[in-house]
Amino acid sequence: MKKLLVFALVAMMALGMVASASAQTYKVGVSIYQFTDNFMTLYRNEIEAYFKTLETDDVKYEITMADGKNDMAEQTNQIQNFITQGMDVIILNLVQTSSADAVIDQVVAAGIPLVLINREPLAYDAEGKTLDEAYEGILNNAQVCYVGADARQSGTFQGEMVAELDNKGDINGDGKVSYIMIEGDPENIDAQYRTEFSVKALTDAGIEVECLDDQVGNWDQTKGQELCANALNIYGDKVEVVFCNNDAMALGAATAIQTAGRKVGEDIYLLGVDALEEAVQLVKDGEMTGTVLNDHVGQSHAAVDVAVKLLNGEEIDNYYWVDYVKVNKAYVDAM
Ligand code: GAL
């Protein structure tokens, strides 16, 4: 019997199934603002998958993935639990960016390095402040950073895809582009900047604009469909462009547009952000004018890489930026 056990153990070690005696397991706490968010689902799955690829016989990562349920009180509890459980590093997609300083304070006081993702805590250009200066004192130990994409770029790309059309988005030829805007959570800088910079790209190109409707869809597909259906009902043919701050809402808007008997590319244009697989398919099929790649792979890998650096005690930057990419018909045809 004993022989059999020894044999089994030797066989398992040979197969690499038993970690070497020196193996180190790092505990990683990840809290995502809301699991039901389409884009953040891709992002969090990639965080887990990428950590797995970095494991060796000597280094393992034990990931605890928590759902913030879009509730800051719930997420604050999760962070407190992470601190009690002695996480070695925390990756955090805040429910409310206005709570950033309180949260950073707690985590830093517990001596745990922190990687903030996706929801930028402060406009990095607000009064020209860097994250470090904005949280002066708190970041002295340089254990906190933000990984994200510059939302201004995604908005600009949306507007440019309209400005690049032959009719520059002016379908009825009345000299202006009449649009509706469907916004994400207005507390997010992503929603604020996409709303502002999509329209700015048009006006910068010398195009006159008219906002028919601007509503909050909170990044949600059902809400996007409802709001778009409603606006089409009220403004009918006047609506030339539907700007959605993300693809989930644009997918909803695409359904509303079909139901209303409208045809993208002929009597209406539709733009989103994220380049979800379903949205890219719609661009291919001509049912969406364009979307913008929000690179969840690049961002999750950058977040994990910097978390690993922090675990190894290496120096880090305060910001890591990943570029957006314009995804229109020409782009998908060349794919
Ligand atoms: C944005 C993304 C949205 C939503 C949001 C959550 O970057 O485009 O789809 O996931 O983040 O904060």
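**Reading the ligand site and its surroundings**

Reply: Helix H2 (38-54) and helix H7 (189-204) each contribute at least two residues to the shell around the ligand, where helices (H or I, at least four residues) and strands (E, at least two) are DSSP runs numbered from the N terminus. This is a predicted model, in which local features need pLDDT of at least 70 and side-chain atom pairs count only at pLDDT 80 or more, while totals for chains, interfaces and linings use all residues. Residues are numbered from 1 along each chain as its sequence is written, and side-chain values use heavy atoms, with hydrogens and water left out.

Me: How many residues surround the ligand, and which are the closest?

Reply: A residue is near a molecule if one of its heavy atoms lies within 4 Å of it. Here 13 residues surround the ligand, and the closest are Asp-37, Arg-119, Asp-190, Arg-194 and Asp-274.

Me: Which distances should I read for the oxygen atoms of the ligand and the side chains of Asp-190, Arg-194 and Asn-246?

Reply: A polar contact is a pair of N or O atoms within 3.5 Å; within protein, one must be able to donate a hydrogen and the other to accept it, and residues adjacent in sequence count only if both atoms are side-chain atoms. For Asp-190, an N or O atom of the side chain is 2.6 Å from an oxygen atom of the ligand; for Arg-194, the corresponding distance is 2.8 Å; and for Asn-246, a polar side-chain atom lies 2.9 Å from a ligand oxygen. The ligand taken alone exposes 310 Å², and the protein buries 99% of that, with accessible areas taken from the Shrake-Rupley method with a 1.4 Å probe and, for residues, only the protein chains shown counting as cover.

Me: Where does the ligand sit?

Reply: On a 1 Å grid over the protein atoms alone, a cavity is a set of points where a 1.4 Å probe fits but cannot get out, whereas a pocket is an open set with protein on both sides within 12 Å along at least five of seven lines; lining residues have an atom within 4 Å of a point. A molecule sits in one of these if more than half of its atoms lie within 2 Å of its grid points, and in this model the ligand sits in the largest cavity.

Me: Is Asp-190 buried or exposed, and what does it contact?

Reply: Buried means under 20% relative accessible area, exposed over 50%, and partly exposed in between (1.4 Å probe, protein chains only). Asp-190, in helix H7, counts as buried because its relative accessibility is 8%. Contact means heavy atoms within 4.5 Å, and, leaving aside neighbours within four places in sequence, Asp-190 is in contact with Asn-118, Ala-151 and Trp-219. The C-alpha atoms of Asp-190 and Arg-152 are separated by 7.8 Å, although the two residues are 38 apart along the chain.

Me: What should I notice about the phi of Asn-118?

Reply: Most residues other than glycine have a negative phi. Asn-118 has a positive phi of about 65 degrees although it is not a glycine, and its place is in the loop between E4 and helix H5 (131-134). Asn-118 is buried, because its relative accessible area is 10%, and its contacts beyond four places in sequence include Phe-39, Met-40, Tyr-43 and Asp-190. Asn-218, in the loop between strand E7 (209-216) and helix H8 (221-235), also has a positive phi, near 50 degrees, but Asn-218 counts as partly exposed because its relative accessibility is 41%.

Me: Where is Ile-112, and which residues does it touch?

Reply: Ile-112 lies in the loop between helix H4 (100-109) and strand E4 (114-117), and counts as buried because its relative accessibility is 5%. Not counting residues up to four places away in sequence, Ile-112 touches several residues, among them Phe-82, Ile-83, Val-107 and Gln-143.

Me: How many helices and strands does the protein chain have, and what share of its residues count as buried?

Reply: The protein chain has 12 helices and 12 strands, and 49% of its 335 residues count as buried. Of the contacts with a separation of 6 or more, 77% join residues 24 or more positions apart.
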